[in-house]
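This report goes through selected features of one structure, from a strand pairing to helix packing, cores and loops. The structure is shown next.

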Amino acid sequence: MADIDTESKLIDDEYKYGFVTDVEMDQAPKGLNEDIIRFISGKKDEPEWMLEWRMKAYRWWLTKEEPRWALLDYPEIDYQDIRYYAAPKKMSDRFKGEDGELDPEVKRAFDKLGIPVQEQDALTGVAVDAVFDSVSVATTHRKVLEEHGIIFCSISEALREHPDLVRKYLGSVVPFTDNYFASLNSAVFTDGSFVYIPPGVRCPVELSTYFRINAMDTGQFERTLIVADKGSYVSYLEGCTAPMRDTNQLHAAVVELIALEDAQIKYATIQNWYAGDAEGKGGIYNFVTKRGHCRGRNAKISWTQVEAGAAITWKYPSCILQGDGSTGEFYSVAVTNNRMQADTGTKMIHIGNNTRSTIVSKGISADQSKNTYRGLVQIMPTAKNCRNYSICDSMLVGSECSANTVPYIEAENSSAIVEHEATTSRISEDQLFYIRSRGIDEESAINLVVNGFCKEVFKQLPMEFAVEATKLLEMKLEGSIG
Amino acid sequence: MFQERRDEMSGNTFFEVNNLKANVEGTAILKGLNLTVGRGEVHALMGPNGSGKSTLSNVAMGHPGYEVTGGGLRLDGEELLELAPEERARAGLFLAFQYPVEIPGVTVANFLKTAHDATAGESKLSTTEFLKVMRKNMELLEIDSSFVNRYLNSGFSGGEKKRMEILQMLMLKPKMVIMDETDSGLDIDALKVVSRGVNAMKSDDSGLLIITHYERILTYIKPTHLHILIDGQIVVSGGPNLVKDLEEHGYDWVREHHANESLAAV
């Protein structure tokens, strides 16, 4: 017989972003207390109200317990064993008004990741904000953005330059009392991006933030706030990586999107945090709260995510559809291998009349990983003529992994139309045989099937990111044959 | 009377199945099958349900669910049994599936191009040339041009799937084709179209093995040889006239005839 060994021949998928950059760091001591929060706030020259808000969040957080309802299994997190602030020294000086030079090592790190952080190397059509551990190190394409009145900068800078705008919207979608991880983030968030698109402006470039965890034992707590004013449009992309380490690192981010009347926000994530090794040692714990608020009529928010990394993923990008006729979309591919665990999905809250939502979730599990879709579709009693369409498909690659679908549907208005479909399939021997019989090797056959499975989601990504997502998936599944 | 004919005598051994034995889930299905197809020949293989027809096509292509317990399989001098399915395809073997598999999210054009690139070797076409050839073949098979962007076999009717098999065959230009009940479930118009495609591919350099239940397809694609498979072995081989005998007398008669022959042989 031909050599068709269907047992998984585990090759550690090489995580090519696993390097560490040696750079002089300015960091806080490990542990969390009110002094640390004052330290972070002080580093950023924040307004007083910001510090007060952080303190309120911290005090609320102290009274709460970590949620454990997700289908995730991980040891207790010691929040006192984490460093809450780390920044390349040269960068933290920038905020003190000194040279502002980008540390050459940091620049090299981003070059290695293929992320152009300086104007002269900038990608055409994509403006990049790069976050290295706790601080934003570069923002490109400033000039063209300024011409349109678009604000795209780090949230720290926004707090200094545009405090009123930040104050008006920060925490208005995800209040610090929202959940355990969101309140932790509210207390200690270090950096992230701020975007404001003025009324009627169509942002001429893709905006992109690249998050890089480098320092050891450091948590990354970024906060992103995007406001699309009336009739505006913006497409935003986020990417993330971290070095390979055998200890776990915490990432607890909050992203808030606000779309006013007739505005549209497209938000895409390619998440490729280090996921730990084949035995499940190390990797990022990714506890993220992402929520969009369609505040005005006919607003539209669309989330697209490719979740391919992190040891633990706990993430539910959601839409609050308040404005009449507003639209929420969630397109997700979550791929888990080795011992990765993902519990991810979305919430679509229909408050306005004639609101629409679409959920397309594709879960792929390989090896011994666990992959859960968890989603809520809620139609409020007063919301008339709302529609939701959900499709949640799971694909199993191999026999030791698991996939779960946990859909909650609460339709409280009789005019609602809610459709939900879910399938689970194993990548079938017949499919692979059929493709191979046409001369295509087994590895490519698996990639064809898996990419076909994810097609609906990849279609939502801008071209170059769809290519990146396809490659990422191929890399993850290399050697995991079922 | 059947016309006995030994293919080895022709000296043209292009595709050779030699005493092939195979099990499915521990049960012996092929019990020493011998069959030789020469260049330019069209062989038909008929036999009742459960005789091992589909097992032969799956084993020939290398389906991992079948266990080969003995014998050999050669194409143009190359031993196939040690090769993976994709390597057999690259060696020039093509199987038109009885039940083509749906591949959601993979467009017909993408699939055909990927398969072409994997098998064509030095005769690889540029994308433009490839598309030109593909359109021409689609016209021949009366496949609507919208199909290039549809997902392979997804939601296709039975007839559309079979036509898609023939399109793949035309695009890959194999040396040896096995058609596994391609005619099953086709109406007369579709059968004509499929036959047109197969006849367009036939050449003096390639071989064709048509596995079928029905004589009907053999009026459109004329076989040079016919074999009858019963219980994992070819019991009778003959020329095209064997079809008429079979039509008149049925498999029981073949079984009986074969039994007498066997007795005579002892």
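Strand E1 (residues 15-24) and strand E4 (residues 66-75) of chain B pair in the antiparallel sense over 8 bridges. Strands (E, at least two residues) and helices (H or I, at least four) are DSSP runs numbered from the N terminus, and two strands pair if DSSP finds at least two bridges between them. Glu16(B) stands opposite Arg74(B) in E4(B). The pair belongs to an open, antiparallel sheet of 4 strands in chain B, ordered E2-E1-E4-E5. Strand E2 (27-37) and strand E5 (78-79) of chain B are at the edges with a single partner strand each, so one side of each is left without a neighbour in the sheet.

The model is predicted: local features need pLDDT of at least 70 and side-chain atom pairs count only at pLDDT 80 or more, while totals for chains, interfaces and linings use all residues. Residues are numbered from 1 along each chain as its sequence is written, and chains are lettered from A and ligands numbered from 1 in the order in which they are written.

In chain A, the axes of helix H2 (residues 48-62) and helix H8 (residues 180-188) come within 7 Å and cross at roughly 145 degrees. Axes here are lines fitted to C-alpha atoms, for helices over the stretch in contact, and angles run from 0 to 180 degrees between N-to-C directions. On the H2(A) side the contact is made by Trp53(A), Arg54(A), Ala57(A), Tyr58(A), Trp60(A) and Trp61(A), and on the H8(A) side by Tyr180(A), Ser183(A), Leu184(A), Ser186(A) and Ala187(A). Residues are in contact if their C-beta atoms, placed from the backbone, lie within 7 Å.

H8(A) is mostly covered, with 8 of its 9 residues buried. Buried means 20 or more other C-beta atoms within 10 Å of a residue's own, exposed 12 or fewer, and partly exposed in between, with C-beta atoms placed from the backbone. The cover over the buried residues of H8(A) includes helix H1 (34-43), H2, strand E8 (223-228), strand E11 (254-259) and strand E13 (283-294) of chain A.

The largest nonpolar core has 193 residues, of which Val195(A), Ala228(A), Ala259(A), Ile265(A) and Ile210(B) touch the most other members. Such a core is a set of buried Ala, Val, Leu, Ile, Met, Phe, Trp, Tyr and Cys residues joined through C-beta atoms within 7 Å. The largest share of this core, 9 residues, comes from H10(A).

The contact between the chains takes 23 residues from chain A and 28 residues from chain B.

Ala310(A) is in the loop between strand E14 (300-307) and strand E15 (312-315) of chain A, whereas Glu25(B) is in the loop between E1 and E2 of chain B.

Gln368(A) lies in the loop between strand E19 (356-366) and strand E20 (370-379) of chain A. Gln368(A) is buried, with 21 other C-beta atoms within 10 Å. Leaving aside neighbours within four places in sequence, Gln368(A) is in contact with Asn338(A), Arg339(A), Glu400(A) and Cys401(A).

Technical notes: Contact = placed C-beta atoms within 7 Å.
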